[in-house]
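Reader: I'm new to this one. Could you show it to me and then walk me through a few questions?

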Amino acid sequence: MRYALLASLLVLSTPTFADGPPRDPYIQVNGHGELKVAPDIAYVSLSIEKTAADAKAARADVEARTAKVITLARKLGIADRDIEAPAVTVYPEYQCVTSSLSSGCTNKLVGQHVSRAVTLTLRDLSRYGDLADGLFAAGVTDLGAVDLDRSDRRTLEEKARALAVQDAYGKAAGLAKAAGADLGAVFSITEQGGGYNGPRPVAMAMAKSSDEAQPEYLNGKIDIAADVAVYYLIGK
């Protein structure tokens, strides 16, 4: 309930300072709120590519590996709504060939480059090891980015903003008391920096047991933070 009230106050008190800060005596403070939480979702981006003289052969190779990736994803319980695999792209690939008779180089066609991007949303992080192993087995050589996040990020951001407002209030109350003043109403609240911390890349480490080397994937924590600037009116 307290978080909801503070979050509502933050939304309703957006300042417009058309005429500058308040004319009455005031205190201006900054507040910071931060949550460190374990991620529960991962966005896995990968690219399947092939360059060959025959565009049809290159495309067949890319499509075959993409099919393996989609089959793997479904086997691991990833729903179709969490699988993005748009159509392939094809473009000619050239190589710069130098000549002893010239200081420059000549572009030589080396083949047709075919690629297809795939993005998977993994909602069960305990299956990440199986997913990574399966992708490499399917012929994926470029795993791209793996970003960790929270499925309830919006709710956590609201809590972080509420903590930031609480932090600002504590600072303002302390300053008012030290100055022998009474802390009055909130004149304005401004969120700083957009209030968004994006997902972070996954951290991976290799751990060896007494029997054999086993990959260990260490997810760690992600930070969800908010900063606010608050103007409080004061009086004697």
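**Arginine 65 and beyond**

Author: Let's start with arginine 65, which has its place in helix 2 (residues 55–75). Keep in mind that this is a predicted model.

Reader: Does arginine 65 count as buried or exposed?

Author: Its relative accessibility is 13%. The cut-off for buried is under 20%, so arginine 65 counts as buried.

Reader: Which backbone oxygen does the side chain of arginine 65 reach?

Author: Leaving aside neighbours within four places in sequence, arginine 65 is in contact with Ile48, Glu49, Lys50, Ala138 and Gly139. One of these also takes part through its backbone: at 2.9 Å, the side chain of arginine 65 reaches the oxygen of glycine 139.

Reader: Which residue is the bridge partner of serine 188?

Author: Strand 7 pairs with strand 11 (residues 222–235) over eight bridges, in the antiparallel sense. In strand 11, the partner of serine 188 is tyrosine 231.

Reader: Why is the pair of tyrosine 26 and tyrosine 231 called tilted?

Author: The search of the whole structure turns up two aromatic pairs. In this one, the ring centres are 5.3 Å apart and the planes stand at 40 degrees. Stacked needs under 30 degrees and edge-to-face over 60, so the pair of tyrosine 26 and tyrosine 231 is tilted.

Reader: And how many residues apart in sequence are the parts that tyrosine 169 and tyrosine 232 tie together?

Author: That pair is edge-to-face, at 6.2 Å centre to centre with 65 degrees between the planes. Tyrosine 169 is partly exposed at 49% relative accessible area, while tyrosine 232 is buried at 4%. Tyrosine 169 lies in helix 4 and tyrosine 232 in strand 11, so the parts tied together are 63 residues apart.

Reader: Last one: over which residues with pLDDT under 50 does the model have 21 contacts beyond four places in sequence?

Author: For the protein, the mean pLDDT is 83, and 79% of the residues reach 70 or more. Where pLDDT is low, the predicted coordinates should not be read in detail. The stretch you're asking about, with its 21 contacts, is residues 1–18.

Methods
Residues numbered from 1 in each chain as written. Predicted model: local features only at pLDDT ≥ 70, side-chain atom pairs only at ≥ 80, totals over all residues. Heavy atoms only, no water. Pairing = 2+ DSSP bridges. Helix = DSSP H or I, 4+ residues; strand = E, 2+ residues; numbered from the N terminus. Buried < 20%, exposed > 50% of the residue type's maximum accessible area, 1.4 Å probe, protein only. Polar contact = N/O pair within 3.5 Å; in protein donor to acceptor, adjacent residues only side chain to side chain. Contact = heavy atoms within 4.5 Å. pLDDT = per-residue confidence, 0-100. Phe/Tyr/Trp six-rings, centres within 6.5 Å; stacked < 30°, edge-to-face > 60°.
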